[in-house]
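Some questions and answers on them come after it.

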Amino acid sequence: MHYRTAAALALAAAPFVTADSSSTSRAPAEAAVPPAGTPWGTAYDKAKAALAKLSLQDKVGIVSGVGWNGGPCVGNTSPASAISYPSLCLQDGPLGVRYSTGSTAFTPGIQAASTWDINLIRERGQFIGEEVKASGIHVILGPVAGPLGKTPQGGRNWEGFGVDPYLTGIAMGQTINGIQSVGVQATAKHYILNEQELSRDTISSNPDDRTLHELYTWPFADAVQANVASVMCSYNKVNTTWACEDQYTLQTVLKDQLGFPGYVMTDWNAQHTTVQSANAGLDMSMPGTDFNGNNRLWGPALTNAVNGNQVPTSRVDDMVTRILAAWYLTGQDQAGYPSFDINRNVQGNHRTNVRAIARDGIVLLMNDANVLPLKKPASIAVIGSAAVIGNHASNSPSCSDKGCNNGALGMGWGSGAVNYPYFVAPYDAINTRASSQGTQVTLSNTDDTSSGASAARGKDVAIVFITADSGEGYITVEGNAGDRNNLDPWHNGNALVQAVAGANSNVIVVVHSVGAIILEQILALPQVKAVVWAGLPSQESGNALVDVLWGDVSPSGKLVYTIAKSPNDYNTRIVSGGSDSFSEGLFIDYKHFDDANITPRYEFGFGLSYTKFNYSRLSVLSTAKSGPATGAVVPGGPSDLFQNVATVTVDIANSGQVTGAEVAQLYITYPPSAPRTPPKQLRGFAKLNLTPGQSGTATFNIRRRDLSYWDTTSQKWVVPSGSFGISVGASSRDIRLTGTLSVA
């Protein structure tokens, strides 16, 4: 459902088999009970005991949503009094509690990933979970592993963690661990191949089997390994079969290969059949009807299908067992779960995490003549409508779920957005800090070029704010129906910067964007001395920015996607037809740029600092052996895939004058014995905070999985023999040390 490529870089296609849409009798086998003593094993024991007390009507009520707007949450099921099971409350979303007036507006996933800080990412998940539970919600509809973001214009890329499946997988696991540690069910979404908003509910995504496993399934495996309670299937088709009734991806891949013990729910109104979806592996229908309250495919229709022998009773029992097991797994059967109140103030001190991620996710792209950090300038001009609170940041009803880009930008729009409890605008924070130091601040809060130039004239520094926005396709904003129409800044951003540069020789450009934009017109201006990629900072926007501009902290964020010199440098596009062949295969983003030898403007993993870091003493220790994974399937896949088989270490020293944090990144190059693979693939990262002169050791533990490729013939993960290249550096292109890892 997503993009056609400009060049044929695909691997030899290895089509995979999907369920026959005409089949109505075939049903997947009942899930194997997880081993006793494991968290899922204990939960399954309780679920099996509870199942015996339920009637068919109870069971169907547990797996069927009550209907659109049929309950207090965006999704609700029927209670089962025989086992004291409540009406399950499911609520958006990946940034916290949607529609709430009492919860935190957490930073989007793309900003969290840009910190490359697993502790902050996990804490973010925990804080989201705490607020969800305190609001009386059982299931939060997040985090997001799909879209992965293969197409830079994709409308919902900002909800996820970037284009690399390894980084996204780590972030998914940490987020889920945080959410479920406090007793809330997390949902990994959108499964699978949901990579654009245009025609998302009709398009067929048709990748080869290796691409499916190595890119798009990879982060979902991390989610399953983290014991995620539920997985949401997506709107699109997979090789012509609807994702929510595709037996290959739901049963074979997710439940069999990944050993997923939890339940699969539909995206809202993504179900198309009664029998086929049930027999293909769907476990919960949401919201239970279409958006008009009609077309109920489960409920009584499922009961009739069971009574008519079209859906085996064992299949319904499996659905219920999975749903109940997730309830027991997260301890929601215990007394005292809070009552539902979406407007209860549940924020606590969680703004500390928002500010930390907003700050540490800022990527410094350019800093000529060390114009940053600011050194008490006598005068500053702050320019652009994005510097002040507008309709977006004030939760204006006219924005309809943030469906506007008026004023300062903190997140995209759609069901992944939430209300702001407050919003610290960049201008307000800048004015407070600057004024405290005697600096005069002049504001031009429009995008008018003459006004911006007038404000900038004669000032020591001019700070210009530009934006680019996107979101879910049911909302159109300034002509952008979910996906971005292009990769230009919105609101005439290029012209605004050009006008200011004509009036001031020290211009700092601050970018608040959902993803990559083309910066060439801006970078061509010699007056532009710094570019600060501030991303999507949510409610603590201004505070986080001031922390970096004035040097309270050194910037430490790194890009989680590539910024190209031209839109044509990307090999993916939004697809306007009925299907997407995914012909680029594994070669998306930096993997494509490396393979095609295209120089990006700013590469994946790039980010400057106010200090300098030296790399030394690379060490590689390995016990890795070639061959297929043969371990018993556990949540996530064969158990031996997750065994550490190599350790790489490197020493990093802060050779500069200020404290800073460095994100060291490890990339692997596969040996010639493997099928064609990208030149480099991320397989490790470590963030070290170092004082001036201090050294630390970055340690990368490489799992068997990290050295494996998906063999489409044997349908196994295989480690190839030969010499793997090991590259460690400050970005995907700034490689500081190299070595080898030999596998016999």
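This is a predicted model: local features need pLDDT of at least 70, side-chain atom pairs count only at pLDDT 80 or more; totals for chains, interfaces and linings use all residues.

Residues are numbered from 1 along each chain as its sequence is written, and side-chain values use heavy atoms, with hydrogens and water left out.

Q: How many disulfides does the structure hold?
A: A disulfide is a pair of cysteine sulfur atoms within 2.5 Å. Cysteine 73 and cysteine 89 are joined at an S to S distance of 1.9 Å. Cysteine 233 and cysteine 244 form a disulfide with their sulfur atoms 2.1 Å apart. The number of disulfides in the structure is 2.

Q: How many residues apart in sequence are the parts tied together by cysteine 73 and cysteine 89?
A: Helices (H or I, at least four residues) and strands (E, at least two) are DSSP runs, numbered from the N terminus. Cysteine 73 lies in the loop between helix 2 (56-63) and strand 1 (75-76), and cysteine 89 in strand 2 (residues 89-91), so the parts tied together are apart in sequence by 16 residues.

Q: Is the disulfide of cysteine 233 and cysteine 244 left-handed or right-handed?
A: The sulfur atoms of cysteine 233 and cysteine 244 are 2.1 Å apart. The torsion about their S-S bond is about 110°, so this disulfide is right-handed.

Q: Is cysteine 233 buried or exposed?
A: Buried means under 20% relative accessible area, exposed over 50%, and partly exposed in between (1.4 Å probe, protein chains only). Cysteine 233 has 0% relative accessibility, so it counts as buried.
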